[in-house]
Amino acid sequence: MPELIRRTILLEAKGQIEEVEVRVVHEDGREHTTTDPVWVYGDSIAVLAYDPHAKTVLLVKQLRVAPYIMEEEIILEACAGGIEISDLSIEEACVREAQEELGCQLTNLNKIANVFINPARLAERAHFFLAEYTSGDLNIEGRDLDEDEDIEVVELSFQELRRLYDKQEIRCPRLFMLTQALMLKKVGF
């Protein structure tokens with residue numbers, strides 16, 4: 001059974017980075033102590049908005065420092081964001097984020113998964129959804145982006161998304177998993 005030895009805050013900025021020490025005693029008597037830095041940020045949602053009639057998806061494109069310093073790339077992502085205190089449910093957070101980032105109304109929200117994106121270093125549960133939207137019914141000017149966001153909305157056909165998937169050009173793990181879920185749904189891929 002694991003035993004928490006200590007949690008020490010190393011840095012506070014957009015959440016906090018903690019050094020966490022945990023001891024595990026195995027059934028055979030072996031003991032192991034792990035000390036790791038963990039970013040404690042809070043839970044999130046990610047949604048892939050799709051139009052089953054137009055056979056399109058809505059994605060976001062914004063500068064992310066990590067991919068940029070590694071490959072000088074700006075990658076496509078699924079719509080995602082944190083769950084705020086004012087959100088009455090995870091589903092409400094999903095709808096709010098889609099309105100804020102994509103400028104669209106979602107229907108037929110379907111929860112796909114609840115995963116740890118990086119269980120080794122990030123204390124964040126990500127709740128994944130597929131949801132429908134209506135192509136051509138976007139309110140880009142009415143979006144309510146956070147002060148630090150500079151988001152471009154990108155509408156792709158199912159065929160274009162499938163091509164990105166097949167060529168291993170999807171670099172966002174949330175988008176990768178949600179694309180697989182959409183493909184399994186067989187809505188025109």
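Helix H1 (65–71) gives five residues to the lining of the largest pocket, the most of any element. Helices, and strands likewise, are DSSP runs numbered from the N terminus, a helix (H or I) having at least four residues and a strand (E) at least two.

The model is predicted, so local features need pLDDT of at least 70 and side-chain atom pairs count only at pLDDT 80 or more, while totals for chains, interfaces and linings use all residues. Residues are numbered from 1 along each chain as its sequence is written, and side-chain values use heavy atoms, with hydrogens and water left out.

## The largest pocket

The largest pocket holds about 1,200 Å³ of space. Its lining is made by 34 residues, and those closest to its centre are Trp 39, Tyr 41, Arg 64, Glu 77 and Arg 174. Two or more lining residues come from each of H1, strand S7 (79–82), helix H2 (90–102) and H4. A pocket is found on a 1 Å grid over the protein atoms alone, as an open set of points where a 1.4 Å probe fits, with protein on both sides within 12 Å along at least five of seven lines; a lining residue has an atom within 4 Å of a point. Grid points are joined across faces, edges and corners, and the volume is the space filled by probe spheres set on the points.

## The nonpolar cores

The largest nonpolar core has 25 residues, and those with the most contacts inside it are Leu 48, Val 57, Leu 59, Leu 161, Leu 175 and Leu 182. At least two core residues come from each of strands S4 (44–51), S5 (56–61), S10 (125–132) and S11 (152–157) and helices H3 (158–166) and H4 (173–185). H4 supplies the largest share of this core, five residues. A second, separate core of 16 residues includes Ile 45, Val 60, Cys 104 and Ile 151. A nonpolar core is a set of buried Ala, Val, Leu, Ile, Met, Phe, Trp, Tyr and Cys residues joined through side-chain atoms within 4.5 Å. Buried means under 20% relative accessible area, exposed over 50%, and partly exposed in between (1.4 Å probe, protein chains only).

Neighbours within four places in sequence aside, Leu 59 is in contact with residues including Leu 48, Leu 76, Leu 102, Val 154, Leu 161 and Leu 175. Contact means heavy atoms within 4.5 Å.

Gln 62 sits in the loop between S5 and H1. Gln 62 is buried, with a relative accessible area of 7%. Leaving aside neighbours within four places in sequence, Gln 62 touches Ile 74, Ile 75, Glu 77, Glu 149, Asp 150 and Ile 151. By contrast, Ala 54, in the loop between S4 and S5, is partly exposed at 39% relative accessible area.

## Strand S10

Because seven of its eight residues are buried, S10 is largely enclosed by the rest of the structure. S10 pairs with S4 in the parallel sense over seven bridges, and Ala 46 stands opposite Phe 128 in S10. Strand S8 (residues 107–116) runs antiparallel to S10 and is joined to it by seven bridges. Here Lys 111 has Phe 129 of S10 as its bridge partner. Two strands pair if DSSP finds at least two bridges between them.

## Salt bridges

The structure holds 16 salt bridges. A salt bridge is a side-chain nitrogen of Lys or Arg within 4 Å of a carboxyl oxygen of Asp or Glu. Three of them are tabulated below.

| Pair | N to O distance |
|---|---|
| Arg 6 and Glu 19 | 2.8 Å |
| Arg 96 and Glu 97 | 2.9 Å |
| Arg 163 and Glu 169 | 3.6 Å |

Arg 6 lies in strand S1 (residues 2–12) and Glu 19 in strand S2 (residues 16–25), so this pair ties together parts that are 13 residues apart in sequence. Arg 6 is partly exposed at 29% relative accessible area, and Glu 19 is partly exposed at 27%.

Arg 96 is buried, with 13% relative accessibility, and Glu 97 is buried at 4%. Both belong to a network of salt bridges that links Glu 84, Asp 87, Arg 96, Glu 97 and Glu 100.
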